[in-house]
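Me: I would like to go through the fold of this model step by step. Please start from the terms used.

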Amino acid sequence: MGRYKQPEIRDRILDACVDHALTHGLPDRLEPFATASGTSTRMLIYHFGSRDALLRETLGRARRRQRDFFGELVAPRSDEPYPSTLRRAWRAMTGPVGRPYLSMFGRLRENAEQQLWPGFRREATTDWLRPLEDGMRSIGRPELGTLVLAVIRGLVMDIEATGDVSRADQAFDDFLAVLVGDTAPRSRVVPAESAADTPATRAVAEPSA
């Protein structure tokens, strides 16, 4: 009688593979995953079918972790202005916990690993749009969600290319300062009446009934 696969073992192995990939990147061979998960390459094939299938599931689970983590970060909070939420979210996204996700999926956008996830570039562009629109809606400007997303993505690419986190942090703070100014309530400016159009001059100019 054949042995039944045990979902809890498969799940544990997959989590270990995700942890390894976030730290070291996706491996070219199965051996690093086998070592990280405390099993053998034969058992990896037994549970996942092939190397590419395991890599796809590793990416999928890592992406779900990232969505949960980043999604909570950018969600609007009743106890703080949304620009403050964005500042805190940015620091966490580019900090020690968030940075491995940015590195993993940055590589996925840029190289041949895209074949593991066709359409990833589009999905990576749009899956954060709704949460950011919801956040910006809390200050009455949901249409600026696209702008916020573009700035975040651009600065993340800058960090990945240069490693200059301090400069990117300052740029994001500068962006938020502009954003706060743009979204601040504006007083309605009423044009001053000219000397030729005051109530007194109108009374003189208008004929009597």
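Reply: Helices (H or I, at least four residues) and strands (E, at least two) are DSSP runs, numbered from the N terminus. This is a predicted model, in which local features need pLDDT of at least 70 and side-chain atom pairs count only at pLDDT 80 or more, while totals for chains, interfaces and linings use all residues. Residues are numbered from 1 along each chain as its sequence is written, and side-chain values use heavy atoms, with hydrogens and water left out.

Me: Which residue just after α9 takes a positive phi?
Reply: Helix α9 covers residues 145-162. Just after α9, a positive phi of about 75° is taken by glycine 163.

Me: How many helices and strands does the protein chain have?
Reply: Along the sequence the pattern reads α-α-α-α-α-α-α-α-α-α-α. The count is eleven helices and zero strands.

Me: How is α3 oriented relative to α4?
Reply: The axes (lines fitted to C-alpha atoms over the stretch in contact, with angles from 0 to 180 degrees between N-to-C directions) of α3 (residues 41-48) and α4 (residues 51-74) come within 9 Å and cross at roughly 70°. Angles under 35 degrees count as roughly parallel, over 145 as roughly antiparallel, 65 to 115 as roughly perpendicular and the rest as oblique. Therefore α3 is, relative to α4, roughly perpendicular.

Me: Which residues of α3 and α4 make the contact?
Reply: Contact means heavy atoms within 4.5 Å. On α3 the residues are Leu44, Ile45 and Phe48, and on α4 they are Arg51, Ala53, Leu54 and Glu57.

Me: Is leucine 44 buried or exposed?
Reply: Leucine 44 is found in helix α3. Among the residues that leucine 44 touches are Ile13, Phe33 and Leu54. Its relative accessibility is 1%, so leucine 44 counts as buried.

Technical notes. The expected span of a helix is 1.5 Å times one less than its number of residues. Buried means under 20% relative accessible area, exposed over 50%, partly exposed in between (1.4 Å probe, protein chains only). Lists of a residue's contacts leave out its neighbours within four places in sequence.
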